[in-house]
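Subject: Handover of a structure and the findings in it

Dear colleague,

Please find the structure below, together with its sequence. The findings follow it, and I would be grateful if you read them with the structure open.

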Amino acid sequence: MQTVMYTDTIFGPIHSRRLGASLGVNLMPRDGKVCTFDCLYCEAGYNAQGAGKSGLPSRAEVARLLEQRLAELRAAGAPVDAITFSGNGEPTLHPDFAGVIDDTLALRDKYYPGAKVSVLSNSTMLDRPAVVEALRRVDNPILKLDSTDDETIRLLDRPTQPSFTADSVIGRLAGFGPKSIVQTMITRGTHGGSIVDNSVKTEIDGLIEAYRRINPGKIMLYTVDRPTPEASLQRVSRAELDAIADRITAETGIQVEVAG
């Protein structure tokens, strides 16, 4: 069974397809998963594995561990292109998320001023002003939108919040405008007897309309790259991703970065 990938609060640097040499920050438990989505493709597995026993790291602990690792890397002359909040669930769920971001920006400026602070978020907490303001302060708020169809979202992303809808999240993403990077996973497969496929024309049509409304600074398209909890999910070919990206750019004028 696919389970959590990150057993530390600070991990890496790892080579990211999108961000280069990326030092990871996991604000969720080291031995469990806490998330407001339960995606079929999540590399950290399903939420059913539980939250574990370690709990969330405190703001002070995150700052201490991050500074320790940044100091080690700088002393070794190792490159750090990004400090990226990812890990075993949704980072913006951390109760001190805004404070952690403030600490991280200060430590980045001290040790690796050229590095970009990035947050990979599923966009479910954008109704919280403190979360939104913290995301505005980072270099790369990378915000998820996999579909504009509520049924597809329920099948693929499986939000734990019954009130979560495509229209509500698109409206909140539009508030970021060019500051945001919108990230979309493209995949296909089946789950529980239902077909899941957000690569079809109707799905891309809907996404293009949403991208126009949001007007992000960049769009990131990617596909599955590691084992997924739902084994039927398929990797979409680079050629197909490139074709989708070309269409999006032609119809919106927005830069699309493909990782496939």
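Helices, written H, are DSSP runs of at least four residues, and they are numbered from the N terminus. Please keep in mind that this is a predicted model.

Is Leu73 buried or exposed? Its relative accessibility is 6%, and because buried means under 20%, Leu73 counts as buried. Apart from neighbours within four places in sequence, Leu73 is in contact with Pro13, Leu23, Ala78, Val80 and Tyr112.

The packing of H1 and H2

Two packed helices are described by the angle between their axes and the distance between the axes. Helix H1 (residues 59–76) packs with helix H2 (residues 97–111) at an angle of about 15°, and their axes are 10 Å apart. Angles under 35 degrees count as roughly parallel, and H1 and H2 are therefore roughly parallel to each other. Their crossing is right-handed. On the H1 side, the residues that meet H2 include Val62, Leu66 and Leu70; on the H2 side, Val100, Asp103 and Leu107 are among those that meet H1. The residues of this contact divide into 8 nonpolar, 2 polar and 5 charged.

The packing of H6 and H7

How do H6 and H7 pack? Helix H6 (201–214) and helix H7 (residues 238–252) pack at an angle of about 40°, with their axes 10 Å apart. That angle makes H6 oblique to H7. H6 passes H7 in a right-handed crossing. From H6, the contact is made by Lys201, Ile204, Asp205, Ile208, Tyr211 and Arg212; from H7, it is made by Ile244, Arg247, Ile248, Glu251 and Thr252. The residues of the contact of H6 with H7 divide into 5 nonpolar, 1 polar and 5 charged.

Ser147

Ser147 is located in the loop between strand E5 (140–144) and helix H4 (150–156). With a relative accessibility of 0%, Ser147 counts as buried. Its side chain reaches the backbone nitrogen of Asp149 at 3.0 Å. A polar contact of 2.7 Å also joins the side chain of Ser147 to that of Glu203. Not counting residues up to four places away in sequence, Ser147 touches Thr152, Ile153, Ala166, Glu203 and Leu207.

Two residues with a positive phi

Most residues other than glycine have a negative phi. Ser123 is not a glycine, but its phi is positive, at about 75°. This residue lies in the loop between strand E4 (116–121) and helix H3 (129–137), and at 1% relative accessibility Ser123 counts as buried. Asn215 is not a glycine either, and it has a positive phi of about 55°. Asn215 is placed in the loop between H6 and strand E9 (218–222). With a relative accessible area of 40%, Asn215 is partly exposed.

Yours sincerely

Technical notes
Residues numbered from 1 in each chain as written. Predicted model: local features only at pLDDT ≥ 70, side-chain atom pairs only at ≥ 80, totals over all residues. Heavy atoms only, no water. Buried < 20%, exposed > 50% of the residue type's maximum accessible area, 1.4 Å probe, protein only. Polar contact = N/O pair within 3.5 Å; in protein donor to acceptor, adjacent residues only side chain to side chain. Contact = heavy atoms within 4.5 Å. Axes fitted to C-alpha atoms, helices over the stretch in contact; angles between N-to-C directions. Parallel < 35°, antiparallel > 145°, perpendicular 65-115°, else oblique. Left-handed = near helix turned anticlockwise from the far one by under 90°. Nonpolar A, V, L, I, M, F, W, Y, C, P; charged D, E, K, R; others polar.
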